[in-house]
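Open the model in your viewer and keep the sequence panel beside it. The stops below say what to select and what is there.

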Amino acid sequence: MQKPHFFTILLLLLALIVKGQEKFTISGFVKEEKSGEDLIGASVYSAEAKFGVVSNAYGFYSLTLPKGRYTIRVSYVGYETAEQKIDLDSNRTLTFHLRPAASQLQEVVIKADGPRQDVQSTQMGKTELKIQEIKELPAIFGEVDILKTLQLLPGVQGGSEGMAGFEVRGGAPDENLILLDEAVVYNPSHLFGFFSVFNSDAIKNVDLYKGGFPAEYGGRLSSVIDVSLKDGNKEEFHGSGGIGLIASRLTLEGPIKKDKASFIVSARRTYVDLFTRLINDASKNDPSYSPIPAYYFYDLNAKINWEINPKDRIFLSGYFGQDVFSFAQNQFNFNFNWGNATGTARWNHIFNPRLFMNTTLIYNDYRYDIKNSQDPFNIDIGSRILDWTAKTDFEYIPKQTHTIKFGGMATYHTFDVGRIKVKSGDSTAFDMDNTLWGTELGIYASDDWEATGRLKVNYGVRGSGFVNNGKFYYGIEPRLAARYLLKEGFSLKASYTDMTQYVHLVSNSGALLPTDVWYPSTPLVQPQLSQQVALGASTLLKHETIEVTDEVYYKWMQHEIDFKDGANLFLATNLDKQFVFGKGWAYANELFVRKSEGRLTGWVSYTLAWTFRQFDSINNGKPFSPKYDRRHTVDIVATYKLNKRVSVSATWVFTSGDAVSLPVAYMYVNDIQNTHYFILPVYTQRDGYRMPPYNRADVALVWKRKPRWGDADITFSVYNVYDRRNPYLIYIDQQLSTSGGTGSSLNLPGPAQAKQISLFPVIPSVTYNFRF
Amino acid sequence: MKRTGTVSLFAIIILILVLSGCNKLDKNITIKLPPFTPQTVVECYLEQDSTLAASVTHTQDYFGTFRLPFDQHAHVMITYNNTTDSLSLNLLPDFKNQKYFNYKLNKTIPLQAGTTYSIKVIDSAGNISTGQTQWLPPVKIDTIEWNTQKGNDTAVDMTISLTDNASTTDFYRLRVDYISHYPSSPDYYMDDGLQNGQKITVNTDYLYNIGDTVDVYLYHITRDYYNFLNSADAASSANGDPFAQPAAIKTNIQNGTGIFTVLSYDKRRVIFKK
């Protein structure tokens, strides 16, 4: 009932906004000078009008002003500001090409909103990262990883040490919507979570939303990671790459038709398997030798963009990545492959200077396959989720105080939840395939409205739906955000968001494992819901070089999913009967201080957070803190440019210990005849024990070189520089007897001893990067 | 100078790497667990043509000194068909089989399908724990087959089959006892969820030698016992596995923990021959 009312009001408002306007519009694109790459989030500002706009995800801007003479300033951090004087007496099309600032080397520096835009925007809970900034930070094994860098932001908790999985504002790992050129990436990890699928050489921009979600996003409760691939250099052919300890990368890009069309291809592969294969070959005649399993992963990103005419552009992009694990010994042969494939086709059309459209077709596919043969059996196990999505998004700027966005999408999901086939010789001994389907729908509209000079409001609504097996779920998701400018450079903000999630990850591991499967909402499994309110303040200090933001949020979650104690989730046919449903809530204060300009850049953040879950059948129905409830988190990230060629960076992380479940007692069980007795741990409280706090410092040094053929740098990185043994897990070491009795006594176990395992000691690495 | 500096940097990195490799990544820690009130643990199996035995123990603090937690002052009663039998204290553990059921009943109990059997334990502190179970008929082993391995004609693997009853939800425990060798045995728990009413075939995934003798037991077990066994495995697995679901023991003992169930089985002896 609310939806028609909202849209009626919106249409009336639109009519009022448009009526009687006789202004003119300057529109066009903001691009990088050397490559022609679109710049996302560049500021296009008129000092005379005291008004500006920001370029969208395709570099497009539209600025409507009364007739007159203006100086248009276009700025973007890391680039020289461009200015152009114009007499505005008709609609104008202007494309700005910005030159990288002189202090930068050839590396493309891409930065979205500057600090001033952050303060003036209605958007809360959003952080944007420069890819160059990410590349200068220390990285484990030298592999730059955007997901691990995101873990250094307030409100984002890393999973286990070294893992790319993360939790945002009290949400579970599956509540993060991860997009690569608009395609959903269901499993963003390689090597069981130690590396992410994003190859930093191919990435243009990373946006993280953890609250105040714009209406165009939906389908997950807790965050959106929107990753954009580079478009490819439209001016010249270039190559870049890197050689690291465990992987190497190569990217090629260039014009297909100068200024009109370009391509980019980027590949990455690990090569540890090449060495292990040599070792195995050298030892193959040793009967006591156990071969080392072979493992590698690779990624391939490709993109083509074509500017058909000034009003139409087409983008085709794709990602393909696989992890390959194999082990063979005697008659045992085990192969385990998993990976994502995505494809995106986009059409940008400018109907007029005030109306921009993007229509997208998306394919994404995540699957794993396990093939195991041990004579006489051949076992084939697998799972897959495959989506086809069509969506269209409009951006309409009727006048300078309104930016209206609206659009819709439909996704057809295929969930191959579990497939197992067992063959004995030539005959099939067992064959099971559990496939489910679902259609997800969404429509939205929002208006970013500058009500007065001080008050700006972003209001909108998203309508979502999901159909599975005759059951239709729907959600009305209002979105509201407001900014009040107390004075220049100091704003107060508030937001409310409502989110609905129709697909769920079946995982009880706490890490994103390749065998985790996605499961749709069904007649038994209701969609997960969340509501989040946030209040915040942003201010600029030190000539607008330092931005201080403080946000407080409270989030409610309903129909949260967990699993019955001891649930068997692997290949279970009745997965939805293994689920239990409950609720959750989380609240926190996030303080974020960021310096974006000058020799010293970086940020300091402190998060004070509480997260709870409550299920009737877990923990005797009492609330408990999930593993990622960490009371205190401090992140310090700093990069200092010693000179044009050398920069050093350091990160320091402190978090309260993970909540874990430990046994509080043991019990003695005889078991039946001809078995041995056993000692069982007794668990009472879910996640009732806290591990010791975690802290770690990493450092890196980037040394830039200028060979004749281009640019290069050597990056030295040391992970865990003071070699702290952080707790990865705690286990109980107890020598339980399994041998027979002595004939005169029961053979009893020794005392239990708690042990802590740490994963990574100090790890130095070096990476050589080049660009020609 | 530049080259010397670079070499020095690499040397430092290698030194750090070597030093880091020398350090252990695990260490002993002391954990202070929250207070916990001990529970009564009751374990009792009803078996055809066997005298009845039960154990009554208490849970112990996890990091306390390990000691035998047997309660020698409990009162244990079995009730069936309006008959109640009290078990007497058994002071003699079975050292050979490493079992100690500290209460026993020196008579067999008639076990019939449809009869409800109840246990009641009043422990030394006066706490009362109870449980119930029902008798299940045994399910026959259909076939036991073995095949020699390619390239090793003295090693065999074994396949056991049974036919599941389509009209009931059934649970099984399958054990193989080595008679001719060491006592550790394959032990499986399974339900008929995937193969209800079908022929169920299990490969024991063990390699035996020609000449070995094994006893194969197929237990037809209750849902309670199946849940207990699985939760016991899950609890054991969770003890140190960061990726495992922490599991509470599923029990059919009220106001306590443990298991009260029936042991209904079919048994076959196999001597592997070429």
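This is a predicted model: local features need pLDDT of at least 70, side-chain atom pairs count only at pLDDT 80 or more; totals for chains, interfaces and linings use all residues.

Residues are numbered from 1 along each chain as its sequence is written, chains are lettered from A and ligands numbered from 1 in the order in which they are written, and side-chain values use heavy atoms, with hydrogens and water left out.

Now colour everything by pLDDT. Chain B averages 84, and 86% of its residues score at least 70. Chain A averages 85, with 90% of the residues at 70 or above. For the complex, the predictor gives an ipTM of 0.85 and a pTM of 0.80.

**Stop 1: chain A as a whole**

Along the principal axes, the C-alpha atoms of chain A fill a box of roughly 105 × 65 × 55 Å. The radius of gyration of chain A is 28 Å, which agrees with the value near 28 Å for a compact globule of 772 residues; the radius is taken over C-alpha atoms, and the globule rule is 2.2 Å times the number of residues to the power 0.38.

Of the 772 residues in chain A, 61% are buried. Buried means under 20% relative accessible area, exposed over 50%, and partly exposed in between, with a 1.4 Å probe and protein chains only. Among contacts in chain A between residues at least 6 apart in sequence, 64% join residues at least 24 apart.

Residues 16–21 have eight contacts beyond four places in sequence, and residues 103–113 have 40.

**Stop 2: Ser625(A)**

Next select Ser625(A), in the loop between strand S36 (600–615) and strand S37 (632–641). Ser625(A) is buried, at 12% relative accessible area. Which residues does Ser625(A) touch, not counting those up to four places away in sequence? They are Thr611(A), Phe612(A), Ala659(A), Asp687(A) and Arg690(A). Ala659(A) is 34 residues from Ser625(A) along the chain, and their C-alpha atoms are separated by 6.7 Å.

**Stop 3: two positive phi values**

Most residues other than glycine have a negative phi. Go to Asp671(A), whose phi is near 70°. It lies in the loop between strands S40 (665–669) and S41 (678–682) of chain A, and is buried at 6% relative accessibility.

Then move to Asn255(B), with a phi near 55°. Its place is the loop between strands S17 (253–254) and S18 (257–271) of chain B. Is Asn255(B) buried or exposed? Asn255(B) is exposed, with a relative accessible area of 55%.

**Stop 4: Cys44(B)**

Finish at Cys44(B), in strand S2 (residues 40–47) of chain B. Cys44(B) is buried, with a relative accessible area of 0%. Beyond four places in sequence, its contacts include Leu52(B), Ile78(B), Ile119(B) and Phe260(B). Select Gly131(B) as well: Cys44(B) and Gly131(B) are 87 residues apart in sequence and 9.9 Å apart in space, C-alpha to C-alpha.

Notes: Contact means heavy atoms within 4.5 Å. pLDDT is the predictor's confidence in each residue, from 0 to 100. Helices (H or I, at least four residues) and strands (E, at least two) are DSSP runs, numbered from the N terminus.
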